[in-house]
Amino acid sequence: MSPRYSWKLGRVPFEEGSVSTVGPSSGRPLPLTTQEPATYLIYHIVPSYLNVLTSHHHHQPDNNVLNTPYSHSKMSAPPRETRFHEEASQWDSNPSVQRATSLAHQALLSRLSSSPKDIPTYDVLEIGCGTGLLSLSLAPSVRSITAVDAARGMIDVLKSKLETTHTHIKNVLPVSALLEDPNDERIQLDPVNREPTPENRRFDLITSHLVLHHIPDLQPLLSLMFAALKPSTGKIMLTDYESFGPEARKFHPESKMDEVERHGIERAEMTRLMEDAGFVDIKAEVAFEMEKPIETFPGSGIMEGKMTFPFLVCEGRRP
């Protein structure tokens with residue numbers, strides 16, 4: 001049985017028949033290696049399930065993770081299956097969404113330019129693709145893109161684009177899924193010929209944009225990405241806004257805080273998490289800055305203020 005990475009509920013990786021325990025004082029997953037891509041940490045899993053079975057009032061949330069319907073103390077649907085599904089039809093009309101995606105696209109291409117001959121051969125996986133803004137921008141530069149999102153509404157919009165306004169793009173495969181298995185059959189199809197690959201499909205590049213701050217436990221997601229990459233050459237390039245202090249909270253209006261797990265990502269934390277997942281050649285640095293509207297005061301709903309936010313790009317390679 002292949003490993004499952006249940007990052008949607010803040011779980012650590014689990015592989016049936018492979019159980020290992022470590023000291024309960026560390027509170028961190030074991031570093032992953034190519035020999036051990038998934039580790040079931042009993043001291044994490046058991047408390048998490050006990051919290052579900054008992055009253056959530058006994059749960060002590062992590063100081064770095066906000067108490068939201070997506071946290072592992074509550075069993076509500078993940079945010080990208082609720083709010084993001086409902087907002088899909090209007091998603092592209094937000095100028096900040098368009099601008100941030102354009103800047104992320106530029107940042108990715110500039111970092112891939114060191115191997116220009118290889119880029120056209122890349123098979124790319126985007127996790128949390130939304131309506132496909134980044135996937136459609138990257139498509140002309142690479143061989144294929146498997147664009148995955150848990151919100152069916154987002155994938156429906158992407159499919160509609162490919163059938164109407166972007167009919168010239170033939171190498172993007174939209175997939176509605178919340179991936180927990182690198183061998184999930186839904187990502188095994190080759191986007192170019194729509195045929196299944198003879199062996200478990202692995203990717204040259206995995207990317208995500210403005211997704212990480214919605215995930216309660218980033219370690220299982222990074223472990224999933226690690227397992228889905230081609231050994232030796234596969235890499236991740238992930239972009240999200242940086243957590244730079246209390247002011248970073250203003251990135252979202254108060255009305256949308258229920259879907260936010262953290263106010264941006266931290267460089268040191270992302271570096272540690274990527275190391276723990278097994279990545280090498282790690283970088284976590286500011287890729288660009290972007291000014292966006294913010295509420296005039298918290299909860300006002302009036303988006304007439306402006307603030308500049310730094311965005312990090314987190315890079316790592318599977319050895």
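This is a predicted model: local features need pLDDT of at least 70, side-chain atom pairs count only at pLDDT 80 or more; totals for chains, interfaces and linings use all residues.

Modeller: Start with what covers helix H3. Its buried residues are covered by elements that include helix H4 (133-138), strand S6 (205-209), S7, S8 and S9. The buried residues of H3 are Ser-96, Val-97, Ala-100, Thr-101, Leu-103, Ala-104, His-105, Ala-107, Leu-108 and Leu-112.

Now the helix itself. H3 runs over residues 95-112, which is 18 residues. At 1.5 Å a residue, H3 should span 26 Å; the C-alpha atoms at its ends are 26 Å apart, so the two values agree. At the start of H3, Asn-94 makes a contact: one of its side-chain oxygens comes to within 2.9 Å of the backbone nitrogen of Ser-96.

Helix H7 also belongs in this picture. S7 (235-241), S8 (280-294) and S9 (305-317) pack against the buried residues of H7, and so does helix H6 (218-228). In H7 (residues 267-277), the buried residues are Glu-269, Met-270, Leu-273, Met-274, Asp-276 and Ala-277. They cover an arc of only 160 degrees around the axis, so they lie on the same side of H7. After H7 comes Gly-278, with a positive phi near 110 degrees.

The protein chain has a mean pLDDT of 80, and 74% of its residues reach 70 or more. Over residues 9-80 the pLDDT is below 50. That stretch has 135 contacts in the model beyond near neighbours in sequence.

Technical notes
Residues are numbered from 1 along each chain as its sequence is written. Side-chain values use heavy atoms; hydrogens and water are left out. Buried means under 20% relative accessible area, exposed over 50%, partly exposed in between (1.4 Å probe, protein chains only). Helices (H or I, at least four residues) and strands (E, at least two) are DSSP runs, numbered from the N terminus. The arc is that of the directions from the helix axis to the C-beta atoms. Contact means heavy atoms within 4.5 Å. The expected span of a helix is 1.5 Å times one less than its number of residues. A polar contact is a pair of N or O atoms within 3.5 Å; within protein, one must be able to donate a hydrogen and the other to accept it, and residues adjacent in sequence count only if both atoms are side-chain atoms. pLDDT is the predictor's confidence in each residue, from 0 to 100.
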